[in-house]
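Q: I have a model open and would like to learn how to read its features one at a time. Could you walk me through them?

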Amino acid sequence: MDIWEMLLYICLSVIDALMIVYSIYNEDYIERIIHELIAGGNIYDLIIDLPLPKVFKDYFYFYKNKNSLSDALEKSIKIYEQAYTYKQKFVSQLSYPLMLMLFMFIFSLFVVFFLLPQMIILFDSFQVNPSILTNIMFRLFHIIPMLYIFIIIFISLFVFNLIYALKHKKNKIIEIYLKIPFINQWIKKYFSLHFALYYYELSLDNLDPTSIIQLLNNLLKNHELKIVLYEMNERMERGELIENIIEHNIYLDSLLLIFFKLYLKNPKLDHSLIKYVE
């Protein structure tokens, strides 16, 4: 993302700025963009087509419709950096339990393939028959590695299925996950975070809630949030209040409703939605 941050601080035309960036980073795709721009290409479309992080591209696609190139880049980069920071914190919090599980798995393999055979040899050398309880313990130790492998496979499939459902907007699958304690809170915060950011950006244009939801529903056709926006748009067209829709929406966080009600009291001055994101 450093390349695109540099464009924000070079006060030249896009092509001239890219030439300076290319002289520093010497990346082939920058040279390709320069040639395509000279040939009449659209800088926004060229950026969207690049192999950049999905979070950045999602927000850039949104911001490009209502901001200048520099503003769209700046806001998209800021959100990407925040998301990356939260991701790093999440990974660091998971590192200890994952390392503990890995250690226990390796230890179980050590017990099964080294320690237990040595104990069996020891029993045989003294011509001692292990008791029923000892045999049961030996069998349990043999089961533990397989159990760990099963758990790892189950968790992997569980996570990949959720990612697939979010990516392809499979609402039936997502609603099954929403019934699972703890997991449902993460999913709700995921949708609520995106909703709060997008809604706040359009609210800066002094649009009413109905217009904002309609516009978001039209703009974010390929985004995961489309699942939420489509239902909200249908219900608002029937005359329902947005705060009531949020309150009874299974995809959104209850904390979002609290901050949203604060925002509705004074939309022009209040920054409750951004405070919710923070």
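A: Gladly, and let us begin with the lining of the largest pocket. Its residues divide into 34 nonpolar, four polar and nine charged. Here Ala, Val, Leu, Ile, Met, Phe, Trp, Tyr, Cys and Pro count as nonpolar, Asp, Glu, Lys and Arg as charged, and the others, Gly among them, as polar. Please keep in mind that this is a predicted model, where local features need pLDDT of at least 70 and side-chain atom pairs count only at pLDDT 80 or more, while totals for chains, interfaces and linings use all residues. Residues are numbered from 1 along each chain as its sequence is written, and side-chain values use heavy atoms, with hydrogens and water left out.

Q: How much space lies in the largest pocket, and which residues are the closest to its centre?

A: The general idea first: rolling a probe the size of a water molecule over the atoms shows where empty space is left. On a 1 Å grid over the protein atoms alone, a pocket is an open set of points where a 1.4 Å probe fits, with protein on both sides within 12 Å along at least five of seven lines, and lining residues have an atom within 4 Å of a point; a cavity is a set that the probe cannot get out of. Points are joined across faces, edges and corners, and the volume is the space filled by probe spheres set on them. In this model the largest pocket holds about 2,400 Å³. It is lined by 47 residues, and Tyr86, Lys87, Phe90, Trp186 and Tyr190 are the closest to its centre.

Q: Which helix gives the most to the lining of the largest pocket?

A: Helices (H or I, at least four residues) are DSSP runs numbered from the N terminus, as are strands (E, at least two). The top contributor is α6, with 17 residues. At least two lining residues come from each of α5 (54-63), α6 (69-125), α7 (132-167), α9 (183-203) and α14 (272-277).

Q: What caps the N-terminal end of α10?

A: A polar contact is a pair of N or O atoms within 3.5 Å; within protein, one must be able to donate a hydrogen and the other to accept it, and residues adjacent in sequence count only if both atoms are side-chain atoms. The cap on α10 is Asp208, with a side-chain oxygen 3.1 Å from the backbone nitrogen of Thr210.

Q: Is Asn217 buried or exposed, and what is it in contact with?

A: Asn217 is buried, at 6% relative accessible area. Beyond its neighbours within four places in sequence, Asn217 is in contact with Lys226, Leu229, Tyr230 and Asn233.

Q: And Arg235: where is its place, and is it buried or exposed?

A: Arg235 belongs to helix α11 and is buried, with a relative accessible area of 13%. Setting aside residues up to four places away in sequence, Arg235 touches Glu240, Asn244, Ile245 and His248.

Q: What is phi in Lys169 and in Phe182?

A: Most residues other than glycine have a negative phi, and most peptide bonds are trans. Lys169 has a positive phi, near 55°; this residue lies in the loop between α7 and α8 (171-177) and is partly exposed, at 27% relative accessible area. Phe182 also has a positive value, near 75°. Phe182 sits in the loop between α8 and α9 and counts as exposed, at 57% relative accessibility.

Q: How do I read separation along the chain against separation in space? What are the values for Ala165 and Leu273?

A: Compare the two numbers for a pair of residues. Ala165 and Leu273 are 108 residues apart in sequence and 27 Å apart in space, C-alpha to C-alpha. For Glu36 and Gln118, the figures are 82 residues along the chain and 69 Å between C-alpha atoms.

Methods: Buried means under 20% relative accessible area, exposed over 50%, partly exposed in between (1.4 Å probe, protein chains only). Contact means heavy atoms within 4.5 Å.
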